[in-house]
Each structure stands twice: as C-alpha cells, then as structure tokens.
Amino acid sequence: MARSAGTLILESYGRVGRVRHKSRRDVVTDIDYRSEALIARRIRRHFPEDGILAEEAGADRVGGPDGARRWWAIDPLDGTVNYANGIPYFCVSIALIEDQVPVLGVVFDPLRGDLYTATSQSAARLNGALAKASTKESLGDCVVSLAIIGRGGLSRERKIAPEIRIHRRMGSAALSLASVGAARFDAFVQNGGLSLWDVAAAGLIAERGGAVVTNLAGGPWWQPRRKGAVQSIVAAPEPHHAEILRLLREAGTRVHLRR
C-alpha cells in the first residue's frame with residue numbers, strides 16, 4: 001500500500017495542482033486525498049471490519065467501546081508543504097493498531113525508495129535490512145531533528161544547540177522520527193503539534209530500532225485517547241535520552257498543543 005501510494009505521489013511531484021490551506025502553517029493537495037483514498041480502499045477490501053483514522057478523512061469506527069479493536073492510522077503524505085514546494089523530503093506513513101497498541105509500522109520515502117518497517121515483535125528494518133539506532137558515544141556528536149514549536153521555541157533551540165553537533169527542521173516528522181530507528185538521525189524532538197497518524201508508525205520503528213521513545217515528560221509516547229495535534233515525542237539512544245530531557249527542561253520547553 002505504501003509503495004503504491006508513493007508511486008501515485010511521485011506522478012505529480014514538481015507539478016502540483018491546487019493547494020489548499022488547512023491552517024496558517026499547513027496545506028493540503030489533491031494528492032493527499034488521492035493517496036489516502038488508495039490506501040483506505042485497499043484496507044477496506046482486505047480488512048472490512050477494521051477501523052481507519054486518516055489525516056484528511058478523519059475517523060471511521062476508531063477506538064472506544066463501540067469502535068474497532070483493530071484500526072489503521074494513515075498519513076497519506078507527511079510533509080505536504082515540502083511536497084508542494086518541490087522540497088524532496090516527504091513520506092507515506094501507515095500503522096496498524098491492535099487493542100490500542102501499534103503492532104505494525106511502515107514509513108515509505110518514495111523519492112529514495114526507502115522503506116522503514118517494524119512490528120511490535122520484530123526489529124526495525126530499512127529496505128529489508130536490519131536497522132539500528134545510533135551508537136554514538138557523545139551527545140555532542142549527535143545530529144538531531146529538533147523542532148521546539150510555540151512562542152520562544154527558536155530561543156530554546158539555541159540553548160540546546162551547543163550541546164549537540166547540529167539540529168535540523170526537516171518538515172516531515174514521520175520520516176525524521178523513523179530515521180532515528182536507522183541512525184540517519186541520532187535523535188528526534190518535537191514538543192507538540194503531532195497527531196496520532198504522524199507518530200504511530202514512526203514511533204514504533206524508532207523504538208524497535210533500539211531508541212528510547214517517550215513524550216516530552218518522559219512518559220509513554222503513544223497516547224491514543226488524546227485526539228488532535230497534541231502529541232510530543234523525544235526519541236534518542238538510551239545513553240542520551242535522559243540528557244536530552246534534562247536539556248529540554250533547563251531550556252524551559254513545554255508541551256505545545258496545536259489544535
């Protein structure tokens with residue numbers, strides 16, 4: 001499903017048609033809707049009893065006592081702003097949730113053909129090969145996907161920057177977080193503004209790659225009962241995770257709830 005959606009996405013890359021504004025900082029294209037419809041049709045064909053939570057269409061029998069025991073979290077095109085502007089950093093993200101726990105995660109980068117995968121019972125993989133989180137000994141050597149959003153976010157990033165090698169804002173949280181599971185990024189930090197479909201697959205991949213994954217407070221990263229763009233994530237190798245949490249606290253970083 002992810003590869004088919006990626007093929008569809010690339011057919012219009014560089015010549016995107018209508019772009020609509022979802023919010024002051026976010027947009028949606030016709031390709032978002034077409035990619036999502038492709039994935040949803042295939043899920044319904046093979047698993048008609050499963051629920052679906054998709055970024056553009058919303059929820060179909062997800063969670064709760066009357067919802068589906070199994071459901072899928074879909075981001076059909078994560079990094080739409082990048083895509084619409086011809087910036088080559090975006091992905092498709094698909095996760096399967098059973099009994100409110102992610103059990104399968106797939107993140108596909110169609111431009112590079114990179115397929116990140118993991119299950120709750122197996123290791124993370126990149127294009128079929130075993131993937132592992134960074135083993136760098138010093139936090140000062142780490143390249144971190146760091147996005148502290150909200151008022152004063154950039155000043156807080158500047159407080160943390162001297163403790164790491166360099167930080168990047170890439171514009172696709174799912175792809176950057178999944179990359180932690182394969183040591184392409186050494187760590188990932190975002191203090192809010194993330195939805196369940198942003199993190200379901202990528203968080204599992206990072207975790208199964210060997211990273212410690214939590215929310216900003218150091219608690220569980222997966223909180224399916226919290227709806228909307230309210231999720232925060234800190235993912236890093238075990239030797240550095242606690243230190244990153246400390247730096248975030250000292251910088252005065254708080255969870256930013258983007259609704």
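Modeller: Let me start with a definition: helices are DSSP runs of H or I with at least four residues, strands are runs of E with at least two, and both are numbered from the N terminus. By that count, this predicted model has seven helices and 15 strands.

Biologist: What makes a group of residues a nonpolar core?

Modeller: The members must be buried, must come from Ala, Val, Leu, Ile, Met, Phe, Trp, Tyr and Cys, and must be joined through side-chain atoms within 4.5 Å. The largest such core has 39 residues, and Val107, Tyr116, Leu177, Phe188, Trp222 and Ile233 touch the most other members. Helix α6, residues 196-208, gives the most to this core, with nine residues. A second, separate core has 22 residues, including Leu38, Ile52, Leu96 and Leu115. In soluble globular proteins, nonpolar side chains tend to be buried together.

Biologist: Which residues does Tyr116 touch, leaving out those up to four places away in sequence?

Modeller: Tyr116 touches Gly105, Val106, Val107, Arg125, Leu126, Leu175, Ala178, Ser179, Ala182, Arg184 and Ile205. Across the protein, among contacts between residues at least 6 apart in sequence, 60% join residues at least 24 apart.

Biologist: Arg184 is in that list. Why is its pairing with Asp114 called a salt bridge?

Modeller: The cut-off is 4 Å between a side-chain nitrogen of Lys or Arg and a carboxyl oxygen of Asp or Glu. Asp114 and Arg184 meet at 2.6 Å, N to O, so the pair passes under that cut-off. Asp114 sits in strand β8 (residues 114-119) and Arg184 in the loop between α5 and β13, 70 residues apart.

Biologist: Are these two partners buried or exposed?

Modeller: Asp114 has a relative accessible area of 7%, so it is buried. Arg184 is at 45%, so it counts as partly exposed.

Biologist: How many salt bridges are there in the structure?

Modeller: There are ten. One of them joins Asp141 and Arg165 at 3.1 Å, N to O. Asp141 lies in the loop between β10 and β11, and Arg165 in the loop between α4 and β12, 24 residues apart.

Biologist: What makes Arg165 exposed?

Modeller: Exposed means over 50% relative accessible area. Arg165 has 54%, so it qualifies, while Asp141 at 31% counts as partly exposed.

Biologist: And why is Glu157 called buried?

Modeller: Its relative accessibility is 4%, so it counts as buried. Glu157 forms a salt bridge with Arg169, the closest N and O atoms being 2.6 Å apart. Arg169 lies in the loop between β12 and α5 and Glu157 in helix α4, so the pair ties together parts twelve residues apart in sequence. Elsewhere, salt bridges that share partners join Asp50, Arg70 and Glu98 into one network.

Biologist: What makes the phi of Asn127 worth a look?

Modeller: Most residues other than glycine have a negative phi. Asn127 has a positive phi of about 55°. This residue is found in the loop between β9 (122-126) and β10 (129-130), and at 42% relative accessibility it counts as partly exposed. Ala183 also has a positive phi, near 65°, and lies in the loop between α5 (173-180) and β13 (187-194). With a relative accessible area of 32%, Ala183 is partly exposed.

Note on methods:
Residues are numbered from 1 along each chain as its sequence is written. This is a predicted model: local features need pLDDT of at least 70, side-chain atom pairs count only at pLDDT 80 or more; totals for chains, interfaces and linings use all residues. Side-chain values use heavy atoms; hydrogens and water are left out. Buried means under 20% relative accessible area, exposed over 50%, partly exposed in between (1.4 Å probe, protein chains only). Contact means heavy atoms within 4.5 Å.
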